[in-house]
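Me: I would like to learn how to read a few features in a structure like this one. Please take them one at a time, with the general idea before the case.

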Amino acid sequence: MAKEKKSALKEKKGVSISEITNQSTIKTIKEKRRAAINTDALVASILKKDITALSRAITLVESKNPTHLKKANAIIKACLPHANKSVRIGITGVPGVGKSTFIETFGKHITSKGKRIAVLAIDPSSSLTKGSILGDKTRMEDLVKNNNAFIRPSASGDSLGGVARKTREAIILCEAAGFDVIIIETVGVGQSETTVHSMVDFFLLLKLAGAGDELQGIKRGIIEMADAIAINKADGDNLKRAKLAKIEFNRALHLYPEKSSNWQPKVTVCSAIKNEGIDTIWELILDYIAMTSKNNYFHEKRNEQNKFWLIQTIEEQLKIDFFNRSKIKKELKNQLLLIETNQTTPFAAADYLLGLG
């Protein structure tokens, strides 16, 4: 009989969960944490520019828990009178255009002027796993250490174009916390731009030169929304191409109808990595704010945005309420099974479910 081989690797019996801690104790701790959310104290801390309180409030806003939603609404309502005092900037561009590097350099320039900046970066969620990397803090290493900057990456979830549903409320909270400039970074050129445009004052489109036809692949709507186009990575061998791209974009912009703001969109070149042309972009934004404030367009646009978000909020809430009904949850499963077996159509099933409401 062969001798049993002895191994240096031995598996020892682990300690069971019940021996480490009591599950009911964990539950109690979690309940205490939830109960410990004092909305008045949280609002008071936000108004004192407490970043920890701001982060906690945004987490409540993003939560799908009905209890958290109630508290979040109370916080937003309390913060609203202290909001609307910032400049809201939307920044978009295709992946690889250097959005994160640009925002970091731009953010450092703004904070050097004595301003406080909040960056709400929307990270694309996987349509399969629903996961999100949330890596903007790692890409903006210097800015994240800046005491006058706040970076909040949020997963886009299943909302249209990858824009987080609660970004609008996060803007209000950041403004109440005393941030002078709010930047909304979108996931790239697509449908999300329309949503971001509906919540910002100034819309900046970042572009690259030397990628073939400079106007190829850009939707007409994106250019129409842009208040300025910045050709990034305009350095070294790429500088000449960037200047040629600037001429092409300027020609293209003059073909578009005049904006209701009376602002003529500008084209500029910059190099985020070399910190060149960043001050010019900030001056452009200040000129835009000054002009639109003088002709009252700035105020009118904010009012229109608020009306738009009223309708959007109602639609979203109706959707949440509908799908959270126990009867709908039960019948939805049945209708999905009927669709799988070809016993009904999606349209008939939808009509039936809506009839139950």
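Reply: Start with accessibility: a residue is buried under 20% relative accessible area, exposed over 50%, and partly exposed in between (1.4 Å probe, protein chains only). Helices (H or I, at least four residues) and strands (E, at least two) are DSSP runs, numbered from the N terminus. The model is predicted, so local features need pLDDT of at least 70 and side-chain atom pairs count only at pLDDT 80 or more, while totals for chains, interfaces and linings use all residues. Residues are numbered from 1 along each chain as its sequence is written, and side-chain values use heavy atoms, with hydrogens and water left out.

Me: Which residues of H15 are exposed, and which are buried?
Reply: Ile 328, Glu 331 and Gln 335 are the buried residues of helix H15. Seen down the helix axis, these buried residues fall within an arc of 75°, so they line one face of H15. The arc is that of the directions from the helix axis to the C-beta atoms. On the other side of H15, the exposed residues are Ser 326, Lys 330, Lys 333, Leu 337 and Glu 340.

Me: What do the buried residues of H15 pack against?
Reply: Contact means heavy atoms within 4.5 Å. The buried residues of H15 pack against H14 and against helix H16 (346-356).

Me: How does the span of H15 compare with the span expected?
Reply: The expected span of a helix is 1.5 Å times one less than its number of residues. H15 (residues 326-340) has 15 residues and reaches 22 Å from its first C-alpha to its last, close to the 21 Å expected. Asn 342, which follows H15, has a positive phi, near 60°.

Me: Next, strands. Which strands are joined to S5 by bridges, and how do they run?
Reply: Two strands pair if DSSP finds at least two bridges between them. Strand S1 (residues 87-92) is joined to S5 by 4 bridges, and the two run parallel. S5 and strand S6 (residues 228-232) are joined by 5 bridges and also run parallel. Leu 204 in S5 shows both pairings: Ile 91 stands opposite Leu 204, and Leu 204 stands opposite Ala 228 in S6.

Me: Is S5 mostly covered or mostly exposed?
Reply: Strand S5 (residues 202-208) is mostly covered, with 6 of its 7 residues buried.

Me: How many salt bridges are there?
Reply: A salt bridge is a side-chain nitrogen of Lys or Arg within 4 Å of a carboxyl oxygen of Asp or Glu. By this rule there are 6 salt bridges. One of them joins Glu 62 and Arg 152, whose closest N and O atoms are 3.1 Å apart. This pair links distant parts of the chain, with Glu 62 in helix H4 (residues 51-62) and Arg 152 in strand S3 (residues 149-155), 90 residues apart.

Me: Why does Glu 62 count as partly exposed, and why does Arg 152 count as buried?
Reply: Glu 62 counts as partly exposed because its relative accessibility is 31%. Arg 152 counts as buried because its relative accessibility is 14%.

Me: What is the N to O distance between Arg 88 and Glu 175?
Reply: The side chains of Arg 88 and Glu 175 meet in a salt bridge at 2.8 Å, N to O. Arg 88 lies in strand S1 and Glu 175 in helix H9 (residues 167-176), 87 residues apart. Arg 88 and Glu 175 are both buried.

Me: Where do Arg 302 and Asp 201 lie?
Reply: Arg 302 forms a salt bridge with Asp 201, the closest N and O atoms being 2.7 Å apart. Arg 302 is in helix H14 (residues 297-323), and Asp 201 is in the loop between helix H10 (192-197) and S5, 101 residues apart. Arg 302 is buried at 8% relative accessible area, and Asp 201 is buried at 2%.

Me: Last, how many aromatic pairs does the structure hold?
Reply: Rings of Phe, Tyr and Trp (its six-membered ring) pair if their centres lie within 6.5 Å; planes under 30 degrees apart count as stacked, over 60 as edge-to-face and the rest as tilted. The structure holds 7 aromatic pairs. In one of them, the rings of Trp 263 and Tyr 288 have centres 5.3 Å apart and planes at 90°, so the pair is edge-to-face. Both Trp 263 and Tyr 288 are buried. Ring pairs also link Phe 102, Phe 106 and Trp 282 into a cluster.
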